[in-house]
Amino acid sequence: MHRAWWVAAVTFVALVGAAGFRATPGVLMNPLHAEFGWSMGTISAAVSVNLALYGLTSPFAAALMERFGIRRVVSVALLVVAAGSGLTVFMTASWELILCWGVLVGLGTGSMALAFVATVTSAWFVKHRGIVTGVLTAGGAAGQLVFLPALASIADSVGWRIAALTVAAAALVVVPLVAWLLRDRPEDIGLLAYGATKPQPRPVITVSAGRRAIQVLASAARTRNFWLLAAGFAICGATTNGLVGTHFIPAAMDHGMGETAAASLLALVGVFDIAGTIFSGWLTDRLDSRVLLGAYYGLRGLSLFALPSLFAGTTQPSMLVFIVFYGLDWVATVPPTVALCRRYYGTAGPIVFGWVFASHQVGAAFAAVAAGIVRDQLGNYDLAWYIAGLLSCAAAALSLLMLATRRRAATPEPAMAA
């Protein structure tokens with residue numbers, strides 16, 4: 001077996017492990033509200049910081065991986081996630097929630113965000129890049145959601161603190177695997193990337209990782225396609241992690257559904273997300289990524305328009321249909337977006353995708369807070385679902401606008417190089 005598959009396997013495990021704490025906001029919002037009396041808006045603010053840092057850290061983490069290696073960056077990131085998760089059990093004030101849940105976990109998980117996937121697949125795969133991107137993306141997103149029933153059960157039976165410590169332990173367990181199996185580049189151990197016929201060029205880095213990330217942003221920001229990708233992905237984040245991932249469980253509980261049942265539904269989204277994202281990766285290797293994005297966003301918008309009428313005290317067949325449909329589309333947008341960043345920006349593609357992903361998380365952060373405020377002011381989430389549906393349709397239009405631009409060559413070096 002080619003070593004690339006072992007690297008992909010440990011990357012998958014690391015993404016699932018890091019996803020554990022990111023699964024907890026929806027589960028712990030009500031227990032924190034009940035114990036400390038913090039409003040949903042206050043708790044959502046901590047989620048917002050987490051989501052924003054998760055995205056804004058991504059391009060800098062990609063540049064750090066380029067300079068210091070994937071293994072070092074990921075090992076440190078997992079330790080930061082474990083520290084942030086574990087320290088939450090000692091908090092007594094809302095600012096401590098923001099520090100632990102927002103800052104520490106946001107920085108740690110941001111270092112293993114989807115730019116990590118783009119870096120690994122760019123370094124280790126030439127053949128099957130799309131489908132491997134789909135599998136790894138599905139692992140992170142589905143891992144986040146599949147943790148939900150277990151965490152909800154733990155929080156119900158023994159308290160939210162034990163749930164947080166469980167996640168810290170899960171992140172720590174992954175560290176030895178990363179140190180043992182993960183390698184930075186195939187050329188470092190005398191191999192070629194899977195499907196490659198010659199060694200891939202190694203970027204010559206002469207500046208700091210932070211400056212490298214800013215230089216890549218400055219160059220990419222001069223292109224129209226960067227802004228189309230970033231705007232569409234911001235809406236993607238707002239309509240997944242920010243809204244559904246954070247507020248689906250509280251919204252279901254508003255209609256009389258139990259927390260564990262609501263968490264199980266959200267976990268089921270993760271199950272179907274695996275199939276949808278892997279299939280999206282397969283399609284990305286074969287079809288125009290711009291058309292795929294337009295279809296994914298448009299279908300998501302239609303499903304969100306229907307969601308407010310589907311909530312009930314028990315799980316109805318119509319809700320299960322939504323879960324299946326929405327799950328298939330949850331992060332299916334990632335493989336074509338990664339492919340377009342690589343197509344338009346060449347070797348700087350992983351860092352460019354890091355910035356595009358940052359816009360994803362800014363959108364998620366805004367939606368997390370906005371939806372919490374809507375709930376506090378109106379007593380329900382209906383307006384938030386309808387606005388999300390409209391935004392998804394707008395993202396479909398933005399994606400299809402890229403069809404009007406001819407294919408660009410990769411932005412020439414040294415514009416994208418240090």
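Is W5 buried, partly exposed or exposed? W5 has a relative accessibility of 31% and therefore counts as partly exposed, where buried denotes under 20% relative accessible area, exposed over 50% and partly exposed the range in between, computed with a 1.4 Å probe on protein chains only. The model is predicted: local features require pLDDT of at least 70 and side-chain atom pairs count only at pLDDT 80 or more, whereas totals for chains, interfaces and linings use all residues. Residues are numbered from 1 along each chain as its sequence is written, and side-chain values use heavy atoms, with hydrogens and water left out.

The chain has an average pLDDT of 84, and 92% of the residues score at least 70; pLDDT is the predictor's confidence in each residue, from 0 to 100. Over residues 407-418 pLDDT stays under 50, and the model has 32 contacts beyond four places in sequence for this segment, a contact being heavy atoms within 4.5 Å. Where pLDDT is low, the predicted coordinates should not be read in detail.

The structure contains 16 aromatic pairs. Rings of Phe, Tyr and Trp (the six-membered ring of Trp) pair if their centres lie within 6.5 Å; planes under 30 degrees apart count as stacked, over 60 as edge-to-face and the rest as tilted. In the pair of W5 and Y194, the ring centres are 5.2 Å apart and the planes stand at 70°, so the arrangement is edge-to-face. This pair links distant parts of the chain, 189 residues apart: W5 belongs to helix 1 (residues 3-22), and Y194 to the loop between helix 8 and helix 9 (209-220). Helices are DSSP runs (H or I, at least four residues), numbered from the N terminus. Y194, at 22% relative accessibility, counts as partly exposed. A tilted aromatic pair is formed by Y381 and W385, with 6.2 Å from centre to centre and 45° between the planes.

Helix 8 (residues 160-181) comprises 22 residues and reaches 33 Å from its first C-alpha to its last, close to the expected 32 Å; the expected span is 1.5 Å times one less than the number of residues. The buried residues of helix 8 are W160, A163, A164, V167, A168, A171, V174, V175, V178 and L181. These residues lie on the same side of helix 8 because they cover an arc of only 160° around the axis, the arc being that of the directions from the helix axis to the C-beta atoms. The face turned away from the buried side of helix 8 carries the exposed residues V173, P176 and W180.

Two further helical positions were examined. L229 lies in helix 10 (residues 224-254) and is buried at 4% relative accessibility. Apart from neighbours within four places in sequence, L229 is in contact with L293, T337, L340, C341, Y344, V356 and M402. S303, in helix 12 (residues 289-306), is buried with a relative accessible area of 7%. The side chain of S303 reaches the backbone oxygen of R300 at 2.7 Å. Beyond neighbours within four places in sequence, S303 is in contact with F322, F325 and Y326.

H128 occupies the loop between helix 6 (114-124) and helix 7 (129-158). Most residues other than glycine have a negative phi. H128, although not a glycine, has a positive phi of about 65°. The relative accessibility of H128 is 34%, which means that H128 counts as partly exposed.

How values were computed:
Helices (H or I, at least four residues) and strands (E, at least two) are DSSP runs, numbered from the N terminus. A polar contact is a pair of N or O atoms within 3.5 Å; within protein, one must be able to donate a hydrogen and the other to accept it, and residues adjacent in sequence count only if both atoms are side-chain atoms.
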